[in-house]
Amino acid sequence: MSAAAIELATDHGETVETAIGADVPLAVQGLTVSYGDKPVVFSVDATFPAGSMTAIIGPNGAGKSSLLKAVLGIVPKLSGSVTVFGKPFETARRRIAYVPQRASVDWDFPTRVIDVVMMGLYRDLGLLRLVRPRHRERALDSLDRVGMADFADRQIGQLSGGQQQRVFLARALTQGADLFLLDEPFAGVDAATEKAIITVLKALKEDNRTVVCVHHDLATVTDYFDRVMLINVRKFAEGPVASAFSAETLQATYGGRLAATHIDQLDLVSA
Amino acid sequence: MLAGVLDALLLQSGYNAALVGIGAGLLGAAAGASGTFLFLRKRALVSDAVAHATLPGIGLAFIVMALLGGDGRNLIGLLAGSAISAFAGLLIVEWIARRTRLSEDVAIGAVLSVFFGFGIVLLTVIQTMSRGKQAGLEGFLLGATAGMLFQDAVVIAIGGAICVTLVILLRRPMTLVAFDPDYAAASGRDVRLIDLAMMMLVLTVTVIGLKLVGLILIVALLIIPPVAARFWTERTDRVVLAAGVIGGVSGYVGAALSAAAPGIPTGPIIVLVCFAVFVASLLFAPGRGVLAAIIRHQRFQIRVHRRQGLLALAHGEPIYDPLTIAVLRRARMIRKDRVATDLGRAQAAKTLRDEKRWEIARQVYTDEAISGRYDGLTPIEAVLTRDEIADLDRRIGGPAMVAGA
């Protein structure tokens, strides 16, 4: 459903929740986030269709991570609404998996790789249910998909940065979610990890799951993603890579911070 | 003395000593297990603020109960008062850290000193009251020396049972929040509520430990066992368990020691026993311990020198480094006059071949998973299969002659 159609629907007295169909994995309306009295995300609307892979692009401090965190309820929203599969965020939370930035946790924490992946099952396990062999198998299967099955019993501190990132992805896979939100999954990882992650994400897309990544590497956008969203506090463009990822939209988003030569090096479809 | 300690350990030193021993053991176990989550959440010092914030509550509870005509020393009343003021202190720390630009350490410092100061003023006022002379409230600062009543042991047993139950119930959410609060929040956990539950655990331990260990030293029982336990294991559930055991044993042994030497206060002895366990863990734990780290480093250093020495032999270069010479001598690879033995020449040739194989492998395999493993020490057999190595050897050509062979 397009933004115009939503507007039309809401004009006619329907609530936004009913206006957005259950087939839209994630829709954000008028989302504003601020730290103190400085907005870092201002009135952003966006829709993420099923089976799409979207890169959220923007300069440092443009509010990319804050947008993701506000969608997930980790940081408070100043205004706006988040709709997941046609339902308010709170009721559809089970269908979302989040992969935080690797640097956000202490990797000297006393826990093994398998234990971290098992955290993806905590909601199913509840407070008291014991871990059964089938739970362990599910976790091992996720580890296998990111090529880390041999590391199950390692302490997490012994992993390289790329391996840590893959463990975080495995934890998200274990949840069996339909919508994946990833915060900079390719930041500072080795080539093998980058390949492993993109393979898994593309497989998810093939399976009609929806993937949204905060992404920083403009050079890989065309290869990895089919949609982009360009933000710098406000949203500057949103849509298929072929149309929304152009020299003009990049220049508008980054302003003077992106040299024209840099844009020239990107193999862009001219608008 | 030794016989006395043994008697106390075997609960043979009389009713009161047995009561203190069991009570201290239970308290230590509850404190160790509860404190683990605080330690993993990196908020250990909040417990210090909570503990010091109990004091005004104790004073106020005494005054209120005395004014109402009751016995100001009623233990349940005093503990209830301490819990209320500790909770108020906790809320103020949280509020300052969350709502103002001040950080949590500042909030802890402010709450701790102000509440404690206010508490001391109240105790002084109580001293001047007609009924306050024998109140004995100072005992709550460093723990009572005169032993325990059955009632005190019951309080610890009930409070300890509540703590252990909560730890078992909340182990998953508390672990998740301690490790990755953002992920916990994203998956629908109320991080503030779980943090609050963690703090209620600490508050409960503090309140039940007031009579035995005192508010100044209870922090040690919450922090030292988990820190010591961390040296022994890499798994959260085992850290919790080990911290409970270390706390429990320290409490029990400390109580026995103080029972055998009358006049020595129980609380400080328990803390010292705890500290002894910590020092032993710090030094001797495998893996994370200081000695293990030193040994690991030395072994690594020897491997490096051995490799360097063998490569020097292979290239026919002289060796000057005394450690390299010592390492090769001990392995019987060189003679006293620094000439290579047969074993030394064989090993040198093998090392040189390994280097050559690596050199080719790093050109052939661009994949970082293989070429990234080169560190000058890892033998190529650990990374490539036999067939792959045979393929490398074909590229190298015939066996190279080693100087001096």
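Visitor: What makes 48% of the 405 residues of chain B count as buried?

Guide: Each of those residues falls under the cut-off. Buried means under 20% relative accessible area, exposed means over 50%, and partly exposed lies in between, with a 1.4 Å probe and protein chains only. By that rule, 48% of the 405 residues of chain B are buried. This is a predicted model: local features need pLDDT of at least 70, side-chain atom pairs count only at pLDDT 80 or more, and totals for chains, interfaces and linings use all residues. Residues are numbered from 1 along each chain as its sequence is written, chains are lettered from A and ligands numbered from 1 in the order in which they are written, and side-chain values use heavy atoms, leaving out hydrogens and water.

Visitor: Why is Cys213(A) called buried?

Guide: Its relative accessible area is 0%, so Cys213(A) is buried. Cys274(B) also counts as buried, at 1% relative accessibility.

Visitor: How do you know whether Cys274(B) is bonded to or too far from the closest cysteine sulfur?

Guide: A disulfide is a pair of cysteine sulfur atoms within 2.5 Å. The sulfur of Cys274(B) is 16 Å from the closest one, in Cys163(B), so that is too far for a bond. Over all chains, the count is 0 disulfides.

Visitor: Why is chain B called more spread out than a compact globule?

Guide: Take the secondary structure to start with. Helices (H or I, at least four residues) and strands (E, at least two) are DSSP runs, numbered from the N terminus. Chain B has 18 helices and 0 strands. Its radius of gyration is 31 Å, well over the 22 Å that the globule rule gives for 405 residues, so chain B is more spread out than a compact globule. The radius is taken over C-alpha atoms, and the rule is 2.2 Å times the number of residues to the power 0.38. The C-alpha trace of chain B spans about 100 × 55 × 35 Å along its principal axes.

Visitor: What makes the sheet in chain A open?

Guide: Two strands pair if DSSP finds at least two bridges between them. In chain A, 6 strands run in the order β6-β7-β8-β3-β9-β10, with mixed pairing. β6 (96-99) and β10 (234-240) of chain A are at the edges with a single partner strand each, so one side of each has no neighbour in the sheet.

Visitor: How do you know that β9 and β10 of chain A pair?

Guide: 6 bridges join β9(A), residues 227-232, to β10(A), and the two run antiparallel. Leu230(A) stands opposite Ala237(A) in β10(A).
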